[in-house]
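Hello,

Here is the structure for your files. My notes on its salt bridges follow below.

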Amino acid sequence: MSKTKDLKKCWRELDSIVPTIDKIGSGFEDTEKAALALFLYFKEEGVLDRLAYIRSIISIELEHILGTEKFNNFIEHEAKSWKPPYNKSRDELLAMLSK
């Protein structure tokens, strides 16, 4: 696949995923229902696999542009990881969502 086709595919995927997540986030008054709907969307639509595909395309392009050493440095220092709150209870998680 050409670079342009790959980038268009990434854009279409993101343009499908992001607005749907926004609709879910703003469409439910009940936080717990919103969280469940979001989880359902991720499961039914294979969102994690789709995001992994987008990430792979972007990674390939960035590595090509930056070179392997600069790309690896970018990944190590620029990418921030969200830390899951494993030690929180259901109620604490819901309270965090309500902030």
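Arg90 and Glu32 form a salt bridge (a side-chain nitrogen of Lys or Arg within 4 Å of a carboxyl oxygen of Asp or Glu), with 2.5 Å between the closest N and O atoms. This pair links distant parts of the chain, since Arg90 lies in helix 5 (residues 90-98) and Glu32 in helix 2 (residues 31-44), 58 residues apart. Helices here are DSSP runs of H or I, at least four residues, numbered from the N terminus. Arg90 is partly exposed at 48% relative accessibility, and Glu32 is partly exposed at 30%. Buried means under 20% relative accessible area, exposed over 50%, and partly exposed in between (1.4 Å probe, protein chains only).

The model is predicted: local features need pLDDT of at least 70, side-chain atom pairs count only at pLDDT 80 or more, and totals for chains, interfaces and linings use all residues. Residues are numbered from 1 along each chain as its sequence is written, and side-chain values use heavy atoms, without hydrogens and water.

The search of the whole structure gave five salt bridges. Among them, two share Glu13, joining Lys9, Glu13 and Arg50 into one network. Lys9 pairs with Glu13 at 3.1 Å between the closest N and O atoms; both are in helix 1 (residues 3-27), four residues apart, about one turn of the helix. Lys9 is partly exposed at 29% relative accessible area, whereas Glu13 is buried at 13%. Arg50 meets Glu13 at 2.4 Å, N to O. Arg50 is buried, as is Glu13.

Regards

Technical notes:
Helices (H or I, at least four residues) and strands (E, at least two) are DSSP runs, numbered from the N terminus.
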